[in-house]
Amino acid sequence: MLGTGILKGMVETAKNFAGSYHDPERLTTVEYPEQRIASKENARQFPFLVHDTEDPMKGLRCVACQICEKECPPQCIYIVKSKDKRADYKGQMQFYPATFDIDLSVCMSCQICVEVCPFESIKMDTEFELSNTDRFGGLLVNKHQLAKSNEHYRKIHPTEAAASDAALAVEVAKAQAKAKADVEAKAKAAAEAKTKAEAAAAAGPVGAPASAPAPKPSSPAAAPAA
Amino acid sequence: MTLPFAIIAGLTVGSAVAAMSLRNMVHCALSLVLTFAGLAGLYLQLNAEFVGLTQILVYVGAVSILIVFAILLTRSTEPKDEPSTVTPWVGISVAVGAFLTMALAVLASPVGKRIAAPAPEVSVKTLGQKLMTDYVLPLEVMALLLTAAMLGAVIIAMREKEGK
Amino acid sequence: MSPLWCYLTVSALLFCIGLAGALTRRNAIMVLIGIELMLNSANLNFIAFWRFSETPETQTGLMFALFSIAIAAAEAAVGLALIITIYRHFRTANVDKVEEMKG
Amino acid sequence: MAELFAKLDALPVTLKHLLLGLLPGATPEWLVAVVSAVLSITPILAVFPLMFALTTVIERKGLGRIQNRIGPNRVGIPLTDIRLFGFGQFIADGIKSLIKEDVVPRAADKVVHFLAPIALLIPVLLTYSVLPFGKNMVPLDLPQTGLLFFFAVGASTELSVFMAGWSSRNKYSLLGAMRAIAQMVSYEIPLILSALTVVMIAGTLSLPGIVESQTELKFGFLYTWHLFTPWGLVGFFLFLTAAAAEANRTPFDLPEAESEIIAGYFTEYSGFKFAIFFLAEYLGLFAMCGLGITLFLGGWLPPVKLAPFTWVPSWCWFLGKLSALIVLFIWLRGTLPRLRTDQLMGFAWKFLLPMTLINLVVAALWHLSANSIPLVARWPLCFAMLAIPYWLLGRGFEAKFTKREYRFAN
């Protein structure tokens, strides 16, 4: 009969109304600033730059390779490469970003910069309370604001951070092994050279042996963090 | 002439002039509504409450809406610069002549000097009783007319079937 | 209360304004508005004469005004329906341009 | 004891007479009339807009609860932590709408655009002048034409809606206005017809007179509200349905269907003019509810003439019934989806209009058979005469609208 559907609906809404006062199933709202839900591990908001040492500026992993800048779909990253070089976490001499700006109002949180970064240096943050009173500059963040420690990364994304740390450890181990090998090779070469020199000194000059000490730069195909 | 009468009459006549002279037809319709409302005010002044409120209900509530709908449905495709009137002076002089005749007649007649009797005792009940006894034939004819008008209006304005 | 001639003059004025409009405006709807004004002025006359009559108890003027309002409503409905149909045929509501017999 | 309650009941009237008595003796008569009118108008202008303000908050909170949300609960007293359950919200909203920029479209018809909200609010406020809020508490007693005044003034709001929609020069505004006018014109007929049954039985157009007609006692204690008769019961629900459509309430809020035409006829209004539209809409709803109470729910009468009920002042009964109806409308708004335009028109012409006409006939029968058939037989007979057409008419709608085949979902 006409009207029974209306009555059924009204009973349902009345149940909702009454239930919202005693039944947590019927009132799932979290009153945000006072109550918060713990952030999910897969949550992501906007990128940040990882640093390792106490001083954020010195420990930035970023080497200003500008891959992320080129890959960024909305073009929200702006990087200026430094003129000089400095030692990175592996002790290798690298460029560093003189300027690293991200316009968060343009960023669309696609995570592509993270995917392409060979140095595990840009990661996604979970910070979301970014409201600002400055309409134009407020969301244009520079590298000082972007730099956050690896500890922070481990806290917000433990699983990813472990993978990232492992990858870096492999890199470091490789680099150390190589350095050690280099040192050994150098020592060996030096020893050989020495013996040869001695021999040469004894048996006259001979062409120098082909020893190529140039260390390979760390592999660009380093697996990004899983 | 009392002040309330002067105000209402001035409003009524002024808005009637506006209703007939404005270029924008929707403005004309809105001024016409003001005229209707002013007339209803005059009826109320004349102790004809029922007719005055019926005037508002029918004219302001229904007829003006009809006119407005008709204006919007016949949104003119005519050129704007064309004058909205034809040979205005002939029509206006005819109207002025008619007014002068009527005004002279009104002012000359002794009836015009008549002062109103104390407010008559009118009740809607007696009005209804009269409608059902003395005026029952006109009422029935009116009912027939309204039905016929409704059917006629629907049939005239009905969109013809596609492909006809 | 104002004497009768005031009401009659206002009524005459309204009638003539309506007449002038109906005679001079080109648009059919405006002509109809003029006719409505004239009908209303007649109504005002009915009411005024009723109020100033010797025997207002008979309520003849009120009755007449009521019937007149009903007729005016019917007239407006049919008239506007006609105007809309004419507009569909001729694509204009200008009374001067509607001069053919064949629609 | 009873005298005290009687005094409490007459408190507003006594207060008014007291204030009028303060005028110096030499005051001209017209000034006394003006002061008296002002004293009658002021409470209306104070109580009902305040009620509107509270209703906006209660409605949002209630709808929130219905939709498993909390609703506004933050705004309280500024600069403190006192939240008042969010009942400071309406003050914040009022301040916001007052200080917002008033945007008028460049192409708009400025004069009409400006006049439309005023032309809407004035008739809506005028409708309150004939409602009896309590015993001897009717601002403008029109013994011959009270109800007609209400409907005549109410009908003139349609034009203001058109003014708002047309003057904005916006297609959504115009569409909304056209929808609103078509809806209001269609639903005005069932509204007036359902109210007419009461006029027919009570034999008067005066609203206090209609309340008086419900003061007879049945069984010695029960007031004969018109709701307690079969035609009154059906008429009341028909009236409520038509009133919801007149006031543009859900499920008949097509004129402002935000998913289709933004905000309907007041799309191009902002700031305080928008607030006036909002206010007028709610005040129109309250006036309709007030009329429904007067016609069917015994106006300011308590349901029974027994001790605790008669102690409550009459104006409290009126306001209480009004609040109950407002809650009902909020509840309906939280429950029902919006109709489609053709469903809306079909419902008015194919269901409400026949039902109100049948109701009119049944009411006449009820009145004429008062002395010939005993109540025990008369009540079920009249009710059946209404229930069967209801069932038959309703079946047509169900066959049309409930059985639906889904090609892919099944």
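Two residues are in contact here if their C-beta atoms, placed from the backbone, lie within 7 Å. Keep that cut-off in mind. Chain C and chain D do not touch, and their nearest C-alpha atoms are 14 Å apart. Chain A and chain C do not touch either; for them the nearest C-alpha atoms are 34 Å apart.

Some ground rules. This is a predicted model, with local features needing pLDDT of at least 70, side-chain atom pairs counting only at pLDDT 80 or more, and totals for chains, interfaces and linings using all residues. Residues are numbered from 1 along each chain as its sequence is written, and chains are lettered from A and ligands numbered from 1 in the order in which they are written.

Which chains make the most contacts among the three pairs that touch? Chains B and C do. That contact takes 63 residues from chain C and 74 residues from chain B. On the chain C side, α1 (4-24), α2 (28-51) and α3 (60-90) each supply at least two residues. By class, the chain C side divides into 45 nonpolar, 11 polar and seven charged residues. For the classes, Ala, Val, Leu, Ile, Met, Phe, Trp, Tyr, Cys and Pro count as nonpolar, Asp, Glu, Lys and Arg as charged, and the others, Gly among them, as polar.

Chain B itself. It has six helices and zero strands. From the N terminus on, the order is α-α-α-α-α-α. Of its 164 residues, 33% count as buried. Buried means 20 or more other C-beta atoms within 10 Å of a residue's own; exposed means 12 or fewer, and partly exposed is in between, with C-beta atoms placed from the backbone. Take contacts in chain B between residues at least 6 apart in sequence: 50% join residues at least 24 apart.

Now chains D and A. Their contact takes 14 residues from chain D and 14 residues from chain A. On the chain D side, α3 (29-66), α14 (314-335) and α16 (375-401) give two or more residues each. α16(D) gives the most, with four residues. The classes on that side are six nonpolar, five polar and three charged.

α3(D) and α14(D) pack at an angle of about 40 degrees, with axes 9 Å apart. Axes are lines fitted to C-alpha atoms, for helices over the stretch in contact, and angles run from 0 to 180 degrees between N-to-C directions. The pair is therefore oblique. Under 35 degrees is roughly parallel, over 145 roughly antiparallel, 65 to 115 roughly perpendicular, and the rest oblique. In α3(D), D:T55, D:E59, D:G62, D:L63 and D:I66 meet D:I326, D:I330, D:R333 and D:G334 in α14(D). These residues divide into four nonpolar, three polar and two charged.

Last, the cores. A nonpolar core is a set of buried Ala, Val, Leu, Ile, Met, Phe, Trp, Tyr and Cys residues joined through C-beta atoms within 7 Å. The largest has 183 residues, and those with the most contacts inside it are C:I29, C:I47, C:I83, D:A177 and D:F239. Apart from it lies another core, of 24 residues, among them A:C62, A:Y96, A:F119 and A:I156.
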